[in-house]
Amino acid sequence: MSTAMAVAVALPGAGFAETLADTLVKAYQTSPTLQAARAALRATDERLPQAESAKKIQSQLSASANAFAVSDDDYVQIPDYYNAALEASLLVYDHGQTAAAIESARMSIAAARADLLDVEQQVLYAAVSSYMDVRQAVEFLQIARNDVQVLEEQRRAINNRFDVGEVTRTDVSLTEAQLQSSRAQLADAEGNLQTARQAYLAAVGTLPGDLEPPPPTPDLTKTVRDAVAIGLRSNPQIISAQFAERGAIADFDRALAAKGPTVSVSGSYGYQGYNRYQGYDRMIGQVGVSGSLPLTTGGNLDSVVRQAQQVVDQRKSQLQAAGRNVTQNVNAAWIQLDVAKATILANQRQLDASRIAYEGVVEEARLGARSTLDVLNSNQDRLQAEAEVVRSHRNEYVAAYAVLQAMGLLTAEHLKLGVQDYDPNVYFNQVRNGPRGGYDTSAVDRVRARWQQ
């Protein structure tokens, strides 16, 4: 009954049992961090049509009107003329600059997709951690409430025994002091639960209801070496660093190609009109070929090439650092998992022994063989053992998901959450050919209006 009351008080308004899968689905569907990462990926997708636009026809309409005054001894003449034309140009050759820019854009998109998976893993891991933290806080609160109830009963018993002269005032004071300490711990446990609930709200988007016990820990590899091998292949940080390195090489090629020649074809067709003093109106068309080759740029192009080369070295080192970080994270999470598994067994044995010891000390105290202080100390040992069992179970579960995250497998697809996965190809296919329009100004207008209030 006391346990049921504790849950009812701790979770007001809870009308259903929420599973870990429910929590992960909500986090995946509502996380603003994940939404921001998806928007960042869509913005990066636009780099491809921007790069490819350089090899497509560029056209524009132009118009001009001019007037000027000419005077001599007899009169003032004000000639004027008008132009309107359709102009177009096409880049024929640029020494590989456009091809390198397209390759760089593709690598940036691939790296951004890996970054999105990394954010997805962070969001899901935060949801798992907050889920287990709330459950741990609830169990700690139950332990604290039960302890207060036990000590209140002990205080009543001690007072009764004091009234008949079986114990001293010291025994009464010791019990009272321990009761007040337990009440302080209860208040602390209530505060910790509220803190855990708020962390759950930040990670998932809603306050937790009645949380069901989690399912078994996810399946992992048999050895840490296998886990490291998978992490070095599948971790999004590794994948992002690999594509970033390839993108830097493409940027270097582009900087080097800028020192070569460029050739383009241009043409125009339009109307040219004059006033009656200058001549007759006419239609004019022209076609031309132009080329250029930079000779001296004050050292600018050479500096850009050297800068791109240093970026390649930077990306190479970052890839090596990512490999080290993944190896460290997998090993660290695996060690934490092993430690948690070992402590669960030891803590459970400690709890069983402390419960037997507490019951024995209480019985011996009734017979006068133990003091009140012995009873209180034994009770604290029992409570500490209960808390350690709860903590070790939480640590084991979170560590298992930390291993999964370090391996790069903590995704909605791998966990089979039954939710519609975000498909980055949908937006990519819409914009890859650079269609006209496709933007919605209403969202920008709403944000602008909010900030103008």
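Predicted model: local features only at pLDDT ≥ 70, side-chain atom pairs only at ≥ 80, totals over all residues.

Biologist: Which strand supplies the largest share of the nonpolar patch?

Modeller: The patch covers about 680 Å² and is made by Ile57, Leu90, Val92, Tyr93, Val265, Val287 and Val289. Two strands, β5 (80-93) and β8 (282-292), each supply at least two of its residues. The largest share, 3 residues, comes from β5.

Biologist: How many bridges join β5 to β7?

Modeller: Strand β5 pairs with β2 (residues 58-67) in the antiparallel sense over 10 bridges, and in that pairing Gln58 has Ser89 of β5 as its bridge partner. With β7, β5 also runs antiparallel, and Tyr93 stands opposite Val263 there. The number of bridges that join β5 to β7 is 12.

Biologist: Which residues does Arg135 touch, not counting those up to four places away in sequence?

Modeller: Arg135 is located in helix α5 (residues 97-163). With a relative accessibility of 18%, below the 20% limit, Arg135 counts as buried. Leaving out residues up to four places away in sequence, its contacts are Leu211, Glu212, Pro213 and Pro214.

Biologist: What separates Arg135 and Glu139 along helix α5?

Modeller: Arg135 forms a salt bridge with Glu139, and the closest N and O atoms are 3.6 Å apart. Glu139 counts as partly exposed at 28% relative accessibility, whereas Arg135 counts as buried at 18%. Because they are 4 residues apart in helix α5, the separation of Arg135 and Glu139 is about one helical turn.

Biologist: How far apart in space are Asp22 and Leu211, C-alpha to C-alpha?

Modeller: Asp22 lies in helix α2 (residues 20-30) and is partly exposed, with a relative accessible area of 36%. Leu211 is one of the residues that Arg135 touches. Asp22 and Leu211 are 189 residues apart in sequence. In space, C-alpha to C-alpha, the distance between Asp22 and Leu211 is 9.8 Å.

Biologist: What is the N to O distance in the salt bridge of Glu18 and Lys26?

Modeller: Side chains of opposite charge can pair when their charged atoms come close. Glu18 is buried, with a relative accessible area of 1%, while Lys26 is partly exposed at 24%. The side chains of Glu18 and Lys26 meet with an N to O distance of 2.9 Å.

Biologist: How many residues apart are Lys259 and Asp302?

Modeller: The side chains of Lys259 and Asp302 meet in a salt bridge at 2.7 Å, N to O. The pair links distant parts of the chain, with Lys259 in the loop between α8 (236-257) and β7 (262-274) and Asp302 in helix α9 (residues 300-366). Lys259 counts as partly exposed at 38% relative accessibility, as does Asp302 at 35%.

Biologist: How many salt bridges does the structure hold?

Modeller: The pairs discussed include Glu18 with Lys26, Arg135 with Glu139 and Lys259 with Asp302. For the structure, the number of salt bridges is 10.

Notes: Residues numbered from 1 in each chain as written. Heavy atoms only, no water. Patch = residues over 30% accessible without salt bridge, like charges linked within 9 Å, V, L, I, M, F, W, Y side chains within 5 Å. Areas by Shrake-Rupley, 256 points an atom, 1.4 Å probe, with all protein chains shown as cover. Salt bridge = Lys/Arg side-chain N within 4 Å of Asp/Glu carboxyl O. Buried < 20%, exposed > 50% of the residue type's maximum accessible area, 1.4 Å probe, protein only. Contact = heavy atoms within 4.5 Å. Pairing = 2+ DSSP bridges.
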